[in-house]
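Here is a friendly tour of one protein model, arranged by topic so that you can follow along in your viewer. Please have the sequence and the structure open side by side.

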Amino acid sequence: HADVGKLAGYARELGTVLFSSCFDADSAEALDALGAPMFKVASGDLTHLPLLRHMAALGKPMIVSTGGATLAEIDAAMAAIDSMNPDLPVALLHCVSNYPTEPADANLACMQTMRSRYGCPVGFSDHTLGAASTIAAVALGAEVIEKHFTLDRSMPGPDHALSVDPAGFA
């Protein structure tokens with residue numbers, strides 16, 4: 001947690017916001033202690049209802065990614081959050097958990113389904129290459145965009161090849 005504390009201090013110096021996905025209660029507690037203004041829930045933890053309840057009880061807004069989830073699973077996640085904090089701001093991210101996602105498979109219409117069903121802000125966790133799907137998501141009303149970032153797209157690991165590098169981000 002010491003490295004995250006250093007990163008939080010550096011973010012404050014830059015005047016930017018630091019928050020992160022929390023994969024367990026200890027991580028949520030540590031981020032809360034560092035003053036993170038919100039929490040991110042990764043798609044793989046959407047069905048981890050005890051974690052969602054724990055995070056909601058901390059009272060920070062949540063961004064919840066929905067990759068691979070059914071509507072019933074999203075219903076259960078939203079109910080778990082609501083059971084701890086019915087007024088908590090929550091944004092749902094439509095996500096296709098393929099790395100990389102083909103633009104034809106992005107199915108951005110899911111954002112409207114989530115917006116209508118849950119009445120909350122929606123966005124897009126973009127695993128496509130390039131910016132076209134991100135631009136389309138914003139045009140369709142995405143209020144939050146998640147795009148993976150790397151300093152070097154040739155690094156090993158599942159995220160680097162689909163991530164945007166500094167030149168692409170600019």
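Helices (H or I, at least four residues) and strands (E, at least two) are DSSP runs, numbered from the N terminus. Just after helix H2, Gly 35 takes a positive phi of about 85 degrees. This is a predicted model, in which local features need pLDDT of at least 70 and side-chain atom pairs count only at pLDDT 80 or more, while totals for chains, interfaces and linings use all residues. Residues are numbered from 1 along each chain as its sequence is written, and side-chain values use heavy atoms, with hydrogens and water left out.

**The nonpolar core**

- A nonpolar core is a set of buried Ala, Val, Leu, Ile, Met, Phe, Trp, Tyr and Cys residues joined through side-chain atoms within 4.5 Å. Buried means under 20% relative accessible area, exposed over 50%, and partly exposed in between (1.4 Å probe, protein chains only).
- The largest such core has 30 residues, and those with the most contacts inside it are Met 55, Met 62, Val 64, Ile 81 and Leu 92.
- At least two residues of this core come from each of the helices H2 (25-33), H3 (49-57), H4 (71-84) and H5 (110-118), and likewise from each of the strands E1 (39-41), E2 (62-65), E3 (90-95) and E4 (122-126).
- Contact here means heavy atoms within 4.5 Å. Leaving aside residues up to four places away in sequence, the contacts of Leu 92 include Val 64, Ile 74, Met 78, Met 114, Tyr 118 and Val 122.

**Helix H2 and its surroundings**

- Which residues of H2 are buried? They are Ala 28, Ala 30 and Leu 31.
- Seen down the axis of H2, these buried residues fall within an arc of 165 degrees (taken from the directions from the helix axis to the C-beta atoms), so they line one face of the helix.
- H1, E1 and H3 are among the elements that cover the buried residues of H2.
- On the face turned away from the buried side, H2 carries the exposed residues Asp 26 and Ala 33.
- Asp 24 caps the N-terminal end of H2, with a side-chain oxygen 3.2 Å from the backbone nitrogen of Asp 26. For reference, a polar contact is a pair of N or O atoms within 3.5 Å; within protein, one must be able to donate a hydrogen and the other to accept it, and residues adjacent in sequence count only if both atoms are side-chain atoms.

**Two loop residues**

- Phe 23 lies in the loop between helix H1 (2-14) and H2, and Phe 23 is exposed, with a relative accessible area of 53%.
- Phe 23 touches Ala 42, Asp 45 and Leu 51, not counting residues up to four places away in sequence.
- Asn 107 sits in the loop between E3 and H5. Asn 107 has a positive phi of about 45 degrees although it is not a glycine, and it is partly exposed at 44% relative accessibility.

**Salt bridges**

- A salt bridge is a side-chain nitrogen of Lys or Arg within 4 Å of a carboxyl oxygen of Asp or Glu, and the structure holds 4 of them.
- Glu 146 and Lys 40 meet in one of these (3.5 Å, N to O). Glu 146 lies in strand E5 (residues 144-147) and Lys 40 in strand E1, so the pair ties together parts that are 106 residues apart in sequence. Lys 40 is buried at 8% relative accessible area, whereas Glu 146 is partly exposed at 23%.
- Asp 75 and Arg 117 form another (2.8 Å, N to O). Asp 75 belongs to helix H4 and Arg 117 to helix H5, so this pair links parts that are 42 residues apart in sequence.
- Lys 147 and Asp 126 also pair through their side chains (3.2 Å, N to O). Asp 126 is buried at 0% relative accessibility, and Lys 147 is partly exposed at 23%.

**Cysteines**

- A disulfide is a pair of cysteine sulfur atoms within 2.5 Å, and by this rule the count comes to 0.
- For Cys 95, the nearest cysteine sulfur is that of Cys 110, 11 Å away; Cys 95 is buried at 7% relative accessibility.
- For Cys 120, the nearest cysteine sulfur is also that of Cys 110, 14 Å away; Cys 120 is buried, with a relative accessible area of 9%.
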